[in-house]
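Subject: Structure handover

Hello,

Here is the structure I promised to pass on. Please open it next to this email. My notes follow below.

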Amino acid sequence: MSTAPAVPPSPADSDLVRAARGLPVTRTPVWFMRQAGRSLPEYRALRAGTAMLEACQDPDLVTEITLQPVRRHGVDAAILFSDIVLPLVVAGVDIEIKPGVGPVVADPVRTVADVDALPDLEPDRLDFLATAVRRLVAELGPTPLIGFAGAPFTLATYLIEGGPSKEHARTKAFMYAEPEAWTRLLTRLAVSAATFLRVQIDNGASAVQLFDSWAGVLSAVDYGTRVLPHSRAVFDGLGDRDVPRVHFGVGTGELLALIGDAGADVVGVDWRVPLDEAARRVGPQRSLQGNLDPAVLLADRDTVDREVRRVVEQGRAARGHVFNLGHGVLPETDPGVLTHVVELVHELSAR
């Protein structure tokens, strides 16, 4: 008696995708923001002598760097190695990532004319991205690849401030004083982000995350009226592509419900709001991602275990839970601790 050949597992049926959709899982999936990067010695060795933005446009480096934490930690998803300003750079905006500082824009946006002078992101400039994603999907097999893009507001802050900022005062002043130019700027950035994500999905990414890193500097009213429509436009720009959409920002406890309303299947939560409270704010129609404080990973093992258990337990209140940090992995994190956290979450959550 012959039996049908086993169907190989698919990323579309992975615990990551199922949790994002609120479906039953075998165990809580785990990945870490900035899991590919400075905490790994193999990353530092590979990147030696190569500038960040150059590495992000090299399909060989993107592939290898994205795979490194999957091999080392056994995480349940890969996140594309990229940079939040990359779509702007590829379009032709003069940006340099300065060590110890971050992205620095040569000619900041300060007027309506500056907005109109920004170059558009042409899809034919993203062949390197399509190549890297195809290679990764082939290498990853059943492990899903998460696509990556920066949200319009956060990209606008870099363009207007000219670099990283704590207060984002110029950005908010521009938003208040130049509403027409603000709308034009964020509309263009939404088109760029959607273009960047579509290339990743069309070449095999199983989910996407929109990072609005600095949205937490806004009031709920300003976010809802001046930013939310543009984040929604990014997700709307993906059309009927059937992949889960994750939306994350830092310091966004007061914005969690609104962030979901932008079109997310999964709302990323930083460490400031417990996941059971976040589930109440977001509602039962969306899953949650998060939210261990990255600093906990620098503590002793008993502390790490206690906090991981707390996050796993509080995550049970959500429709679905993807375990992650509340922001990115800190560079001084011991990679062995990350591997331990993956194993512990799997152990605690096995169904």
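What is the volume of the largest pocket? About 1100 Å³. Please keep in mind throughout that this is a predicted model.

**The chain as a whole**

The protein chain has 15 helices and nine strands. Its C-alpha trace spans about 70 × 45 × 40 Å along the principal axes. The radius of gyration is 20 Å. A compact globule of 351 residues would have a value near 20 Å, so the two agree. Of the 351 residues, 57% count as buried. Now take the contacts with a separation of 6 or more: residues 24 or more positions apart account for 74% of them.

**The largest pocket**

Back to the pocket. Its lining is made up of 38 residues. Nearest its centre lie R34, R38, M52, S82 and D83. By class, the lining has 21 nonpolar, 11 polar and six charged residues. Three elements each supply at least two lining residues: helix 2 (41-47), strand 2 (95-98) and strand 3 (102-105).

D83 deserves a look of its own. This residue sits in the loop between strand 1 (78-79) and helix 5 (86-91). Is D83 buried or exposed? D83 counts as buried, because its relative accessibility is 13% and the cut-off for buried is under 20%. Leaving out residues up to four places away in sequence, D83 touches M52, L53, C56, I97 and F148. One of these, M52, is also among the residues nearest the pocket centre.

Residues 146-162 come to 59% helix and 29% strand. Their end C-alpha atoms are 28 Å apart.

Helix 8 covers residues 152-161. How many of its 10 residues are buried? The count is 10 of 10. They include F153, L155, L159 and I160, and also T154, T157 and E161. G162 follows helix 8, and its phi is positive, near 90°.

**The cavity**

A search of the whole structure finds one cavity of 30 Å³ or more. How much space lies in the largest cavity? About 40 Å³. Its lining consists of L16, A20, W31, I146, A207, V246, V266, Q289 and V322. Eight of these are nonpolar, one is polar and none is charged.

- T252 lies in the loop between strand 6 (245-248) and helix 12 (256-261). At 1% relative accessibility, T252 counts as buried. Beyond its neighbours within four places in sequence, T252 is in contact with A215, G216, I259 and D270.
- G141 is in the loop between helix 7 (127-140) and strand 4 (145-150). G141 counts as partly exposed, because its relative accessibility is 32%. P9 is 132 residues away along the chain, yet the two C-alpha atoms are separated by 8.2 Å.
- E139 belongs to helix 7. E139 is exposed, with a relative accessible area of 57%. E64 is 75 residues away along the chain, and the C-alpha atoms of the pair are separated by 9.9 Å.

Over to you.

Best wishes

Note on methods:
Residues numbered from 1 in each chain as written. Predicted model: local features only at pLDDT ≥ 70, side-chain atom pairs only at ≥ 80, totals over all residues. Heavy atoms only, no water. Helix = DSSP H or I, 4+ residues; strand = E, 2+ residues; numbered from the N terminus. 1 Å grid on protein atoms, 1.4 Å probe; cavity = no way out; pocket = protein on both sides within 12 Å on 5 of 7 lines; lining within 4 Å. Points joined across faces, edges and corners; volume = space filled by probe spheres on them. Nonpolar A, V, L, I, M, F, W, Y, C, P; charged D, E, K, R; others polar. Buried < 20%, exposed > 50% of the residue type's maximum accessible area, 1.4 Å probe, protein only. Rg over C-alpha atoms; globule rule 2.2 N^0.38 Å. Contact = heavy atoms within 4.5 Å.
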